[in-house]
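The sequence and the model are shown first, and the notes follow.

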Amino acid sequence: NGIDRVIVRPKPLVAASIGAYGATLANGQEYTGDYGEISLDQLKDFHRPRMTALLSAEPDLLAIETIPTQIEIRALAQLLKEFPKAYAWMSLSCSEDGERTGHGEKLEEVVSELEGHPQIVAVGVNCCKPNLVETLLREVRKGWSGPLVCYPNSGESWVSESASWTNNEESRLIEETTETIEQFAKIWRDSGANLIGGCCRTTPTFIQ
């Protein structure tokens with residue numbers, strides 16, 4: 001089944017990335033979900049050709065990632081059913097309060113809509129600060145009983161006005177010591193994460 005393909009399969013998997021609509025706006029909206037007036041069907045129409053193209057390359061699964069708002073998560077979950085042989089994980093972009101999506105919806109309520117979806121093999125968070133992952137996974141677990149995925153960024157913050165990353169000394173991992181990364185990874189694993197990795201500004205050292 002789908003979960004066995006992701007969690008049990010002994011060889012590496014290839015996941016094709018489906019990012020947020022907001023990333024195409026080039027103003028940081030993949031972190032806030034402030035899309036203005038856009039409907040569920042419009043979001044499905046936006047993502048459909050992208051999903052079609054990626055699945056034509058026959059990846060093992062889709063990495064639906066950095067999704068900041070409930071309506072887009074709902075649209076992608078519905079759209080996935082148009083491709084019944086496809087599997088995906090769903091990873092959210094979240095606020096720094098550790099309880100909500102980037103757009104402000106309660107994580108527990110958002111992910112509960114994904115519970116029981118036969119094609120979604122894991123749910124979690126990505127491109128957040130490493131020191132938020134434990135709290136965010138705890139919130140996701142309240143609404144989702146399946147496998148968890150997490151892959152934070154370096155701990156820096158994206159500044160849309162300058163289109164650049166800024167350091168946050170409290171939580172950044174850009175100095176990446178093995179001890180620090182291992183400590184985080186153990187915490188995430190203890191928090192229930194089955195799939196662990198790194199997002200923006202992380203390096204091969206982080207992954208190793």
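Helices (H or I, at least four residues) and strands (E, at least two) are taken as DSSP runs and numbered from the N terminus. On that basis the secondary structure of the protein comes to 7 helices and 8 strands. The model is predicted, so that local features need pLDDT of at least 70 and side-chain atom pairs count only at pLDDT 80 or more, while totals for chains, interfaces and linings use all residues. Residues are numbered from 1 along each chain as its sequence is written, and side-chain values use heavy atoms, with hydrogens and water left out.

**Overall figures**

- Of the 208 residues of the protein, 48% count as buried, where buried means under 20% relative accessible area, exposed means over 50%, and partly exposed lies in between (1.4 Å probe, protein chains only).
- The accessible surface of the protein comes to about 10100 Å², and 49% of this belongs to carbon and sulfur atoms; the areas come from the Shrake-Rupley method with a 1.4 Å probe, and for residues only the protein chains shown count as cover.
- Among contacts between residues at least 6 apart in sequence, 75% join residues at least 24 apart, a contact being heavy atoms within 4.5 Å.

- Strand β1 (residues 15-18) has A16 and I18 on its covered face, whereas A15 and S17 make up the uncovered one. In a regular strand the side chains alternate between the two faces of the sheet.
- β1 pairs in the parallel sense with strand β2 (residues 61-67) over 4 bridges, where two strands are said to pair if DSSP finds at least two bridges between them.
- Within this pairing, the bridge partner of I18 in β2 is I64, and the partner of A15 in β2 is L61.
- β2 is mostly covered, since 7 of its 7 residues are buried.
- β2 and β3 run parallel and are joined by 4 bridges, and in β3 the bridge partner of A63 is W89. The chain crosses from β2 through α3 to β3, and this β-α-β crossover is right-handed.
- β1, helix α2 (residues 40-56) and β2 also make a right-handed β-α-β unit; right-handed means that, with the strands pointing away from the viewer, the path from the first strand over the helix to the second runs clockwise.

- The 17 residues of α2 should span 24 Å at 1.5 Å a residue, and the end C-alpha atoms are 24 Å apart, which agrees; the expected span is 1.5 Å times one less than the number of residues.
- A kink of about 30 degrees lies at H47 in α2, shortly before the proline P49, the bend being the angle between axes fitted to the seven residues ending at a residue and the seven starting there.
- The buried residues of α2 are L43, K44, H47 and M51, and what covers them includes β1, β2 and α3 (70-80). An α-helix has 3.6 residues a turn, so residues three or four places apart point the same way.
- α3 is mostly covered, with 8 of its 11 residues buried; Q70, E72, I73 and A75 are among them.
- The buried residues of α3 pack against β1, α2, β2, β3, α4 and β4 (120-126).

**Loop residues**

- E58 lies in the loop between α2 and β2 and, although it is not a glycine, has a positive phi of about 60 degrees. At 70% relative accessibility, E58 counts as exposed.
- C127, in the loop between β4 and α5 (133-143), is another residue other than glycine with a positive phi, near 55 degrees. With 7% relative accessibility, C127 counts as buried.
- S93 is found in the loop between β3 (88-92) and α4 (107-112), and is buried, with a relative accessible area of 1%.
- Leaving aside neighbours within four places in sequence, S93 is in contact with E30, Y31, T66, I67, P68, T101, G102 and N126.
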